[in-house]
Structures are given as C-alpha cells and as structure tokens.
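Subject: Structure handover

Hello,

Please find the structure below. My notes on it follow.

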Amino acid sequence: MNNNHVYDMLVVGGGPGGYTAALYAARAGLDTIVLEKLSAGGQMALTEQIDNYPGFEDGIDGFSLAEKMQKQAERFGARSEYVEVLRMDLTAVPKLVETSEGIFLGKTVVLATGANPRKLGVARESELVGRGVAYCAACDGMFYKGKTVVVVGGGNSAAADALLLSRVAKKVILVHRRDTLRATKIYHEPLTQAENVEFRWNSVVSALLSGDRLTGVRLRDTVTGEESVVDCDGVFVSVGRQPATALAVGQLELDGGGYIVAGETTETSIPGVYAVGDVRTKPLRQVVTAVADGAVAVHMAEKYIAENR
Amino acid sequence: MAAMNMNQEQFKQLIREEKPVLVDFWAPWCSYCRRIGPAYEKIGEEYADSLAVGKINIDEEPRLARAEGIEDIPTLVLYRNGKAVDSIIAPGSKAEIDRFIQEALAK
C-alpha cells in the first residue's frame, strides 16, 4: 500500500466509534479507510449481549453489531484494511500512518483506538494468560465449568463477569479492594442471591500462585494488611480499562489516565485529528456515546477539509 | 480460499501432505474466536500458495483437541510433515498471525 493516494479520512480502529465515523464520512462523500488490527468491534465484539444500544429490543451480541456497523459503512463506500498501526505523524501534511502493510496518507485522522483491559500488575501475570489468568469471562468462562474461579474488580464488568461465571463455575469468589461494589444496582441482588458467589471485600491480589498453571491467588487485606491464600483454577481480571494511546504519546495532549484530551467536538490538540469513543476524555464510555462521537468527528472533519483546501 | 472446517480424518490426512498446514482450534461459543475469524479468512487467501488453512471446532472434535494439547482457544497451530511446529494463543492482530506464520515457516 505504498502509493501516494491521499484519503480524506483515515480511521484508526474499527470499533463502534470508528465505523460510525466511516459511515458518516462515506455518506458525506469522503474517501475513507478504516485501519483495524483484527476485526470490527473492538471491546464491543467481546460482549456477549448488548442490551443498552437502542433499536435492538431483544439485545444483540457485540460481534454481530460490529459486523453490521462495518457492512453499513462499506455499503456507502468506506474501505477496511486489517493492519497494525506502527507509527503516526499527525502534524505532517498529509497526515501519515505507517502500518504493517505500508503507509497510509490522509487529510484527516480519526483516532478510534479504544481501550484494553487493565492488568493486575503482579508477577507472572503475562505468562499465565491462557493458563488460569483471563480477562474475558464471556470468552474463557466455559473452560472453568465446575471449577473455582476468582473475579477481581468491583465495577459493572466485574459484576457481569461474576454473574456469568456463577452459572458455569462451581464457585466464584469476587475480590474487590473496597467494601462495596461500584457496579450499578441491577447486579447487586442476583450476585448476593447466587449461592455459589462469595465476596472478599477490602482485598487485593498480591501474588499469583502457580506450577505449570494457576493454582491460587494470595490476597492482601487492605485494612489489616493480613495475607491469605485462596485456591482456585482461574482468575478473571476485571479492573478497568487502559486507553490504547501509546502511539499518540508525544504528539497529542493526553490526560493523567492516558486518554486523549478532546471535548464534545472530538477535536484534539492537533487540527484535523479527532478522538472518538473510549479513547477520548469523557464522562461515559458506552457504545452509544462512541457512535455519537464518530458522527461529530466527521462533521468537524468536513469543515476542516473545506477550510484547508 | 476460505478456511475449511475439518474433522479428525481430514486433519490427519492433511497434515501428512507436503504443504504446511495452519489450524485454528475454535468453538462457536468463544467470542474471541469469532473476532479473529475475518483476519483468519484473509490469511487463508493470502497464504493460499504456501499453506493449507483449516479450522477445527473443538466441540465437535474434543478428543482431537485433547490429543493436540489444546487448553485454550483460539489456538493456531502450524503443522509440517505431520508434526506441530509452533502455536500461538489468542493473537491480538492480523499482523501478529503473519509474524507467527513467517517465524514458524522459517523453523
């Protein structure tokens, strides 16, 4: 792909924000390509059931919704490439995105790179992935049928993971560093009523215990400092997200959490570069707010392209 | 060519042939398996000359999956001359699958 073709818009990331930008851009007649490393959907593609995206009264699985968004954008002429972005020069004219399959040039860039699961940050975590350490209950839960699992975290995704696992595993131990769940109320009752869910409040995982694979976790009580060992076959880490902004460091203004600083207009610190979806500083990270960002970014980009002819 | 869904006999026959074989061990309930699907199909097209590319549903072939030591899915395994050369669990990008194939073929 090393030619001199200059797209009107390069969309980096094929989640709901990215493909909505592509849809609006293609419909506005902009020559648009989505650069996606694996397949449409981002984090949404791993969500078993999405019940809060309007228009799907029975809910829809995230992968199917992503495919629909991709097809819809492509129906109007947007293109997709499965490439990994290696480097970006966002102030160049035209803007440059270097990928595993060559260089792409664009008048504008929409960054829709999303976020990834945050790690626990304890020793041996990476080498035990796939051998007891997991980040996606919907993906890996079935391997723990009849077994004992620990879920770490207290937010909505941790609560949803614990509930899902309670239907599969023999026992679920929810480990949270505070003394109450941060998850919305709808999760509290089913979780406390599930007979095989146990709570370990004010606790953090201080070590992963393992031979060839995970055999348990060591917990530290955040109040007393006492340590204890919990035997388990798996640990599902659900302690939040980390924005995928490594490639923007040094070019764009980021906040303390690593998110790209951009308001409702999605405009970043560099003209012609827009941040949409979870990667942007915003109060609520949901599919429905990501798609709204995608539409706004194209509105701003059209203006920018018109002014910079 | 789209990646072919194989059973045990097809698998055993295919890995004995001269062309190296890339196999994706997957299951319908595994959402990450679905995520790598589009990239895997593309791999099947791009490497059509040098690789046979297939898929094995571990729900349909549980004994084969156990025999091949599959503990997590998706796992991609590259076979040559009937033997597993290397494997990768849950690759994060199409580029990572490309790198895996190139390194495994060079072994």
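Where in chain A does A:Pro94 lie? A:Pro94 is in the loop between β4 (85-89) and β5 (95-99) of chain A. Please keep in mind that this is a predicted model.

**Cis peptide bonds**

As background, most peptide bonds are trans. Chain B has a cis peptide bond as well, between B:Ile73 and B:Pro74, where omega is about -5°. B:Pro74 sits in the loop between α3 and β4 (75-80) of chain B.

**Positive phi angles**

Most residues other than glycine have a negative phi. A:Arg124 is not a glycine, yet its phi is positive, at about 70°. The loop between β7 (115-117) and β8 (133-134) of chain A holds A:Arg124.

In chain B, B:Ala90 has a positive phi of about 45°, and it is not a glycine either. B:Ala90 is found in the loop between β5 (83-89) and α4 (94-106) of chain B. Its relative accessible area is 33%, so B:Ala90 is partly exposed.

**Chain A as a whole**

Chain A contains 6 helices and 17 strands. Its radius of gyration is 21 Å, close to the 19 Å that the globule rule gives for 309 residues, so chain A is as compact as a globular protein of that length. The C-alpha trace of chain A spans about 65 × 40 × 30 Å along its principal axes.

Of the 309 residues in chain A, 51% count as buried. The chain exposes about 14,100 Å², and 49% of that comes from carbon and sulfur atoms. If we take the contacts in chain A between residues at least 6 apart in sequence, 57% of them join residues at least 24 apart.

**The second largest pocket**

Rolling a probe the size of a water molecule over the atoms shows where empty space is left. The second largest pocket has a volume of about 410 Å³. Its lining is made of 18 residues, and those nearest its centre are A:Phe143, A:Lys147, B:Ile70, B:Glu71 and B:Asp72. Which element gives the largest share of the lining? That is helix α3 (residues 62-67) of chain B, with 3 residues. Sorted by class, the lining of this pocket has 9 nonpolar, 7 charged and 2 polar residues.

Regards

Definitions and conventions:
Residues numbered from 1 in each chain as written. Chains lettered and ligands numbered in written order. Predicted model: local features only at pLDDT ≥ 70, side-chain atom pairs only at ≥ 80, totals over all residues. Heavy atoms only, no water. 1 Å grid on protein atoms, 1.4 Å probe; cavity = no way out; pocket = protein on both sides within 12 Å on 5 of 7 lines; lining within 4 Å. Points joined across faces, edges and corners; volume = space filled by probe spheres on them. Helix = DSSP H or I, 4+ residues; strand = E, 2+ residues; numbered from the N terminus. Nonpolar A, V, L, I, M, F, W, Y, C, P; charged D, E, K, R; others polar. Rg over C-alpha atoms; globule rule 2.2 N^0.38 Å. Buried < 20%, exposed > 50% of the residue type's maximum accessible area, 1.4 Å probe, protein only. Contact = heavy atoms within 4.5 Å. Areas by Shrake-Rupley, 256 points an atom, 1.4 Å probe, with all protein chains shown as cover.
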